[in-house]
Amino acid sequence: MPQVASRVLTELKAGIKSSTDLYLGSDSTFAALHKENALQKIPWSGIFPWVTKEMEITPQESLLVYASFHGIIYNSNSIPKDKAPKNYEDLIDPALSPTWAGKLAIPAYTHWLVRVSSMWGKEKVLAYAKKLATLAGGRLRQGEEERIVSGEFPIMASTGGALESMWKWQAKGAPLVGLPGSMPPTSSYYQLGVPKNSAHPNLAKLFVAFMVSKEGQAIVEKHDYRSSYLVEGTGMSKYVRSNKLKLQDPKELVELFLKDDWALEEELNKILLR
């Protein structure tokens, strides 16, 4: 996603048509495109009756197509229910952590902790990372959940799409449990938008609007277990409603990424990824 966003910006500055008619990205890459004024202004909720203003994460620039909570995943065969964590802070709890000490998989990136910093503050995040580092047994990338399912690692500290991973693997009979790591849950808010230099902007607008309709969401959910909590009837909307979750404001995340706090990310990388 960052590479495509960079290409969109390069093509826009060169005065040529975008190589993609529309763009799918997360809150961080959309913050970069917003900063460069690279997206068309479209009154989405005024044109399409099923689109609400809340879906416009960046007003008139992007629509939320699905949200993925950052959270813990673990193998329920390896970790008994009475020893299982309920949140990120449980991972370093002295009463629970011996269950996975030296066997905890940590992500090969630290942005999940950068997102938590808006709630915890920098000092708490850095202190937490130092304790977590002592429990680590290896690194995993997003999409490597099979290594938790197989039992190679009993637990992963955080992954994007923890709920989708659980739904996907449990549908196959695998003992994978996923849960949000914080309250409110931190999330990647994946959005669609139309570059200013789109070669087929009208077609792109129709496609983007379709993807946030009930029909479009059903397709995404069927093939990828992802959906928007803002579209009634989706798996994510049912989960949010049944658990009475208050979510992290996506607009706060945009502000967070616009600040470009590289110093915090660099410090976290030194602690966890050295």
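## Exercises on a predicted model

Let's begin in a loop: Pro184 sits in the loop between β6 (176-180) and β7. Keep in mind that this is a predicted model. Work through each exercise with the structure in view.

**Exercise 1. Find which residue is joined to Pro184 by a cis peptide bond, and what omega is there.**

Solution. 
- Step 1: Go to the loop between β6 and β7, where Pro184 is found.
- Step 2: Look at the bond that joins Met183 and Pro184; this peptide bond is cis, with omega at about 0°.

**Exercise 2. Describe how α4 packs against α12.**

Solution. 
- Step 1: Take the geometry: the axes of α4 and α12 are 10 Å apart, and the packing angle is about 125°.
- Step 2: Classify the angle. Angles from 65 to 115 degrees count as roughly perpendicular and those over 145 as roughly antiparallel, so α4 and α12 are oblique to each other.
- Step 3: Name the residues in contact. From α4 come Leu113, Val114 and Ser117, and from α12 come Leu264, Glu265, Leu268 and Leu272.
- Step 4: Sort them by class, which gives 5 nonpolar, 1 polar and 1 charged residues.

**Exercise 3. Now do the analysis for α4 and α5 (residues 122-133).**

Solution. 
- Step 1: The two axes come within 9 Å and cross at roughly 135°.
- Step 2: Therefore α4 is oblique to α5.
- Step 3: On the α4 side, the contact uses Trp112, Leu113, Val116, Ser117 and Trp120; on the α5 side, Lys124, Val125, Tyr128, Ala129 and Leu132.
- Step 4: By class, this contact has 8 nonpolar, 1 polar and 1 charged residues.

**Exercise 4. Work out which elements line the largest pocket.**

Solution. 
- Step 1: Start with the volume of the largest pocket, about 530 Å³.
- Step 2: Its lining has 23 residues, with Ser26, Ser28, Thr29, His111 and Phe257 nearest the centre.
- Step 3: At least two lining residues each come from α2 (27-35), α4 (111-120), β7 (187-193), α11 (250-259) and α12 (262-272).
- Step 4: The largest share, 5 residues, belongs to α2.
- Step 5: By class, the lining holds 10 nonpolar, 8 polar and 5 charged residues.

Notes
Residues are numbered from 1 along each chain as its sequence is written. This is a predicted model: local features need pLDDT of at least 70, side-chain atom pairs count only at pLDDT 80 or more; totals for chains, interfaces and linings use all residues. Side-chain values use heavy atoms; hydrogens and water are left out. On a 1 Å grid over the protein atoms alone, a cavity is a set of points where a 1.4 Å probe fits but cannot get out, and a pocket is an open set with protein on both sides within 12 Å along at least five of seven lines; lining residues have an atom within 4 Å of a point. Grid points are joined across faces, edges and corners, and a volume is the space filled by probe spheres set on the points. Helices (H or I, at least four residues) and strands (E, at least two) are DSSP runs, numbered from the N terminus. Ala, Val, Leu, Ile, Met, Phe, Trp, Tyr, Cys and Pro count as nonpolar, Asp, Glu, Lys and Arg as charged, and the others, Gly among them, as polar. Axes are lines fitted to C-alpha atoms, for helices over the stretch in contact, and angles run from 0 to 180 degrees between N-to-C directions. Angles under 35 degrees count as roughly parallel, over 145 as roughly antiparallel, 65 to 115 as roughly perpendicular and the rest as oblique. Contact means heavy atoms within 4.5 Å.
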